[in-house]
Each structure stands twice: as C-alpha cells, then as structure tokens.
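Subject: Structure for you to look at

Hello,

Here is the structure I promised. Please open it first, then read my notes below.

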Amino acid sequence: MSTATTIYVIDEIVALPGKGRALLEAYHERYAPGARARGMALDRVLVSPPMWLDDDSNTITISWTIQGAPAWWGMSFQSRNDPGVADWWAEVDEMIVRRSRHFATAESDIAEICNV
Amino acid sequence: MFSLVSLVHLAEGAEGDVSAALGALEARVARTLPGTFNGGDLIAHFDFADEDSYRDVLPAIDAVLGGGGVTRADSAFYRHGRHGAADPGLATGVYRALLLSADRPVSRPVLDKFEAEMVRMPHYIPAIRNWRLSRVIEARGERRWTHVWEQEYASLDGLNGPYMLHPYHWARIDRWFDPECPDWMIDTRLCHSFCAFGRAVLTA
C-alpha cells in the first residue's frame with residue numbers, strides 16, 4: 001500500500017503583471033493556514049524571475065506535501081466541502097493570468113504509489 | 001439499450017414493500033452497502049429496449065418513488081454509453097454507480113476530453129471488471145445529473161482499494177471534480193452508491 005508515499009501538490013501561478021508580490025502575500029495569509037489545517041505541509045515557494053516585476057508576470061510555484069493517497073483524499077474532501085476554498089480561488093482570479101495544480105511523487109515512488 | 005438507475009431513500013419500515021413494488025416492475029433491486037455517500041438505501045436498476053418502453057412504465061415507477069415509502073430518489077435515465085466487460089459473467093461482485101452533474105460552463109471538446117479520460121480508468125485500474133459511462137437523458141433528484149459512471153468489481157475491496165487509491169483517479173481524473181483545480185467542472189454534490197445485485201447488470 002502507498003500510505004506513506006510523499007505526494008506533492010504543486011500550484012503554478014502566473015500572476016498578472018505587477019501583481020506577483022500581492023498575490024503571494026494573499027496566498028500566505030489567506031490560503032496557507034487552511035491548507036495546513038487540511039493536512040498539507042508547505043514544501044517550498046519558488047518565484048521566477050527571482051525579483052518582483054512591476055510591468056510583467058512573475059511565475060510562482062508553490063509545493064505542498066501530503067503523505068499517501070488516503071491523506072490526499074482526506075485533504076481534498078475537506079477542501080471541496082468548504083465553499084470558502086473555491087471562493088478564495090475565485091477572488092484571486094483577478095490577479096492571475098493562468099494557473100495549474102498538479103499532483104506528483106518522486107520518480108522513485110511511482111511503483112509504490114501505483115501498487116494499490 | 002437504455003437504463004434507469006434510481007437511488008432510493010426509504011421511509012422507516014418500507015424496505016419490503018418498496019423493493020417488492022420495484023421488483024414487480026422488473027427492476028433489479030438491492031440494499032446499498034455501508035459506505036455509500038448520498039447513495040440511498042436501495043438501488044433499483046431497470047433495463048429498456050428503447051425509450052418508449054421506459055415512457056410506458058414510468059408512471060408506475062413514479063407511483064412507487066413518489067409514494068409514502070420513499071422519502072427521496074435520485075434517478076437517471078440514459079442510453080447506454082461507452083462500456084467494457086472484462087468479466088461479463090461476474091455474479092458475486094459489487095455494482096457501483098456514480099451520478100454526477102457537469103454543470104459548469106465548458107465547451108463540447110472539454111466535455112469530450114473528460115469522458116475520454118474517464119473511460120480510460122479501467123485500462124489503468126483493472127479492478128474495474130465491467131463498466132459503462134453514459135450521458136443522462138432525464139434526471140431527477142437533488143441535481144440535474146448529466147452522467148452515470150457505473151462499474152462492477154469482484155468485491156468491495158476493488159472499489160475501496162485500487163479504484164480510490166490509484167493515482168490515475170486522484171492525480172488525473174479528480175481534477176474535473178476538484179474546486180481547487182482550474183479544470184473543475186463537476187458539482188461537488190455527487191451520488192456514490194453501491195450494492196451487490198447477485199449478478200452482473202452491466203452485461204445483462
């Protein structure tokens with residue numbers, strides 16, 4: 001079983017020009033506490049380019065971890081039953097050009113995570 | 001072929017009468033198993049050769065589902081969609097139905113992509129022995145159900161284990177169901193129901 005495999009939840013967000021810093025501050029202040037409460041641990045935050053652009057887009061990559069598929073379902077179940085989470089994404093959409101959310105594991109964990 | 005699946009919520013003490021009445025209308029009827037979510041107390045599954053046959057018997061079905069023994073029913077009538085059968089003779093397995101409502105505005109190609117990804121699940125998750133994904137013609141209940149995703153498993157372990165835990169499900173398909181993902185398009189209110197009919201119904 002794959003209960004202990006580390007799963008990465010990766011948000012990649014392209015901010016509207018000049019909005020990268022404000023967007024990330026809002027993410028830290030308003031999104032991250034709830035994500036932690038749902039069982040995710042913040043892994044890292046990457047900003048590209050590594051400066052705040054005034055007239056172009058920053059790309060922000062935020063990586064969380066959660067341990068195993070059952071915990072992933074627990075997190076996701078809480079998230080989709082809290083309308084505030086969907087509202088958060090709708091509210092910050094005005095600062096976003098595009099975004100994606102991906103779920104991943106280390107290459108070395110693929111066999112384990114698929115062994116269900 | 002067409003089918004109607006009804007997830008029936010019973011009034012107290014009504015199981016025998018409601019089961020018998022639906023059975024008399026040629027439904028396969030079984031009590032749901034523990035763990036369903038918005039899945040009702042009974043699953044009634046009807047097959048019809050054509051839509052007229054369904055219309056002919058619908059008033060009698062409505063009389064049962066609208067009667068005092070039933071508090072609520074989520075139902076979907078559909079033409080059989082894409083399907084597959086790895087174990088057509090499965091007699092002791094578990095039948096599962098997911099009623100979903102793709103109610104957010106998306107283009108036809110996006111809906112096609114969703115459906116194409118859904119029907120690849122049995123390829124990656126062989127515990128899904130028989131399956132069918134259908135677009136709903138007529139829906140009743142808590143949502144305007146748009147799709148019925150039916151599967152049969154050799155046992156409940158197949159549903160609770162490989163189906164739920166395989167990454168093709170949670171890391172690939174589920175983004176259509178997840179309000180946190182940009183591809184989200186399916187109402188979070190779902191009907192997840194399963195039972196043991198004592199015979200395969202998807203290959204009947």
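Some terms before the findings. A residue is called buried under 20% relative accessible area, exposed over 50%, and partly exposed in between (1.4 Å probe, protein chains only). By that scale Glu26(B) is exposed, because its relative accessible area is 71%.

The ground rules are brief. This is a predicted model, so local features need pLDDT of at least 70 and side-chain atom pairs count only at pLDDT 80 or more, while totals for chains, interfaces and linings use all residues. Residues are numbered from 1 along each chain as its sequence is written, chains are lettered from A and ligands numbered from 1 in the order in which they are written, and side-chain values use heavy atoms, without hydrogens and water.

Backbone points

Glu26(B) sits in the loop between helix H1 (15-24) and strand S2 (28-31) of chain B. Helices (H or I, at least four residues) and strands (E, at least two) are DSSP runs, numbered from the N terminus. Glu26(B) is not a glycine, yet its phi is positive, about 75 degrees. Beyond its neighbours within four places in sequence, Glu26(B) is in contact (heavy atoms within 4.5 Å) with His45(B) and Phe46(B).

Asn38(B) also has a positive phi, near 55 degrees, and is a residue other than glycine. Its place is the loop between S2 and strand S3 (42-48) of chain B. Is Asn38(B) buried or exposed? It counts as buried, at 15% relative accessibility.

In chain A, look at the peptide bond from Ser48(A) to Pro49(A). That bond is cis, with omega near -15 degrees. Pro49(A) lies in the loop between strand S2 (41-48) and strand S3 (59-67) of chain A.

Chain A overall

Chain A has four helices and four strands. Their order from the N terminus is β-α-β-β-α-α-β-α. Of the 116 residues in chain A, 40% are buried. Its C-alpha atoms fill a box of roughly 50 × 30 × 20 Å along the principal axes.

The interface

Chain A puts 22 residues into the contact and chain B puts in 19. Together the chains bury about 1,900 Å², with 66% of it on carbon and sulfur atoms. Buried area is the accessible area (1.4 Å probe) that two parts lose on being put together, summed over both. On the chain A side, Trp73(A), Arg80(A) and Val116(A) lose the most area to chain B, together 35% of what that side buries.

Pockets

A pocket is an open set of points on a 1 Å grid over the protein atoms alone, where a 1.4 Å probe fits, with protein on both sides within 12 Å along at least five of seven lines; lining residues have an atom within 4 Å of a point. Volume is the space filled by probe spheres set on the points, which are joined across faces, edges and corners.

The largest pocket holds about 530 Å³. Its lining has 23 residues, and Trp73(A), Phe77(A), Met164(B), Leu190(B) and His192(B) lie nearest its centre. Two or more lining residues come from each of helix H2 (69-80) of chain A, and strand S6 (94-100) and helix H5 (156-165) of chain B.

The second largest pocket has a volume of about 280 Å³. Its lining counts 13 residues, with Asp93(A), Arg99(A), Arg104(B), Cys181(B) and Pro182(B) nearest the centre. S4(A) gives the most to this lining, four residues.

Best wishes
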